[in-house]
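Visitor: I am new to this structure. Please show me how to read it, feature by feature.

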Amino acid sequence: MNRVIPLQPISSGVNASHLACDSITVGHREFEVLKERGQREVFCGLTGIIWLHRKIQDAFFLVVGSRTCAHLVQSAAGVMIFAEPRFATAIIDDRDLAGLADANEELDRVVGQLLERRPDIKMLFLVGSCPSEVIKLDLSRAAQRLGKTYAPRVRILNYSGSGIETTFTQGEDACLAALVPELPKGMDSDEGVDLLVVGCLADVIEDQFSRIFSELGLQSYAFFPPRQSGQLPTIGANTRYLLAQPFLTETARILDERGAQRLAAPFPLGVEGTEKWFAAVAHEFAVSAERFEKVIAPKRARANLGLERHRETLKNKSIFFFPDSQLEIPLARFLSRELGMQLTEVGTPYLHRQHLADEMMMLPEGTSLSEGQDVEKQLDRCRSFRPDIVVCGLGLANPLEAEGMTTKWSIELVFTPIQGFDQAADLAELFARPLIRRTKLAA
Ligand code: SF4
């Protein structure tokens, strides 16, 4: 094993392909969801390291993987040449794969060197990959073993970012799920934080949301993950949590097990989604309707004004979503209801019935939903729709552009601050810009 700092970003899982439709009832509405299981074109969960390492500012992510994994992380990160990086890859080489070297010994040595050289690291994530899973390297045991050696200076955890049967936002879910057991438990049942916002948000958005919570009169709230690993919030039976991202299935499950209760809400994308997200908080913590309106009305008005200039570009334009980020359904809801776009097909890798129930209730009647992927069949459907814009992963964008279609990279929607009132216009612009560029090129 060597240490290197961070192409081959595409993970293609090939399975026997079959098609089936699932009928889902949400509230009083019935949805037919096309279920597909075939070849997928998605990034793997290692991609999440890019935004996770920016969020938790004293954490280090050590991928235990191949040169391919190293290239993926480095090329996705792109920058980081002037700062000491907080991610790296311990390369599993031929000797490890052939069983000639003891991978655990090698890993201990690499971790020892890293922690000796970097006293700023307070939390270390050992991140599993396809190769580490193939050679069955047990990173949870490694994390326990190393954790004992380096406690209390460094907390050592592990999760898998492997591309086997996963999609790229699941990396964040796996990381946060590994972090939930570390959250302190209050001595009394009401000793936890009242409200926990769960999911990585850009600092600028957290600051905006904090101001709104304060204006609504909330005193006890926290964001998870925190910016510093030593600031893990305490949770108790009084804790209500609100998902800020729609891809945190496992994290939510473990929080439920810890006794926290989820507040059902749409996601804070667009003006409407953001207002309803805050309304769920206001309702739970008995904020008066007058106070809520007083706080929200100016923000809503300003955000709606910002959307106005993009409506002309986006209204009646058709859009097709390939399944990738798991943000597809909230985005489709925003683009159809607030900007008048026409939904052709909304694909999502996984459709969490409970977490997305409020979102689905707001989709236009007859929205065509698909879950999972069989990429060739989906490409055929996309070509037959000939939508004005296609949202897809990087691997599909260039071929589709070459066929004359306009695309938006789904990964950009995760890297860009898009949540909240003040970002609603920026989010609309992400879809308007490629259409404007295409029009200019055609002129
Ligand atoms: S974890 Fe798997 S899919 Fe991801 S870069 Fe490494 S080998 Fe490729």
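Guide: Start with pairing. Two strands pair if DSSP finds at least two bridges between them. In this predicted model, strand β10 (residues 240-243) is joined to β11 by two bridges, and the strands run parallel. In β11, Arg262 is the bridge partner of Tyr241.

Visitor: In what order do the four strands of the open sheet lie?

Guide: The order is β9-β8-β10-β11, with parallel pairing. The edge strands are β9 (221-224) and β11 (261-262), and each pairs on one side only.

Visitor: How many bridges pair β12 with β13?

Guide: Four bridges pair them, in the parallel sense. Cover is a separate matter. In β13 (residues 342-348), six of the seven residues are buried.

Visitor: Now the whole chain. How many helices and strands does the chain have?

Guide: The secondary structure comes to 17 helices and 16 strands. The radius of gyration is 22 Å, close to the 22 Å given by the globule rule for 443 residues, so the chain is as compact as a globular protein of that length. Along the principal axes, the C-alpha atoms fill a box of roughly 60 × 55 × 45 Å. Of the 443 residues, 47% are buried.

Visitor: Is Lys315 buried or exposed?

Guide: Count the C-beta atoms around a residue. Lys315 has 11 other C-beta atoms within 10 Å, so Lys315 is exposed. Lys315 sits in the loop between α11 (289-314) and β12 (318-321). Leaving out residues up to four places away in sequence, Lys315 touches Leu339 and Gly340.

Visitor: And is Phe421 buried or exposed?

Guide: Phe421 has 24 other C-beta atoms within 10 Å, so Phe421 is buried. Phe421 also lies in a loop, between α16 (412-415) and α17 (424-442). Not counting residues up to four places away in sequence, Phe421 touches Val271, Thr274, Lys299, Arg300, Arg302 and Ala303.

Visitor: What can distance along the chain tell me about distance in space?

Guide: Look at two pairs. Phe421 and Pro268 are 153 residues apart along the chain, and 8.2 Å separates their C-alpha atoms. Lys315 and Ile135 are 180 residues apart in sequence and 51 Å apart in space, C-alpha to C-alpha.

Visitor: Which residues have the most contacts inside the largest nonpolar core?

Guide: First, the general idea. In soluble globular proteins, nonpolar side chains tend to be buried together. Here the largest nonpolar core has 125 residues, and Leu62 and Phe125 have the most contacts inside it. Beyond residues up to four places away in sequence, Leu62 touches Ala88, Ala90, Leu114, Leu124, Phe125, Leu126 and Val127.

Visitor: Last, the ligand. Which residues are closest to the ligand?

Guide: Read a ligand site as a shell. The ligand is surrounded by 13 residues, and the closest are Cys44, Cys69, Ser129, Cys130 and Gly163. Helix α2 (residues 67-77) gives the most to this shell, with three residues.

Visitor: How do the residues of the shell divide into nonpolar, polar and charged?

Guide: Five are nonpolar, eight are polar and none is charged.

Methods:
Residues numbered from 1 in each chain as written. Predicted model: local features only at pLDDT ≥ 70, side-chain atom pairs only at ≥ 80, totals over all residues. Near = placed C-beta within 6 Å. Nonpolar A, V, L, I, M, F, W, Y, C, P; charged D, E, K, R; others polar. Core = buried A, V, L, I, M, F, W, Y, C linked by C-beta atoms within 7 Å. Buried ≥ 20, exposed ≤ 12 C-beta atoms within 10 Å, placed from the backbone. Contact = placed C-beta atoms within 7 Å. Rg over C-alpha atoms; globule rule 2.2 N^0.38 Å.
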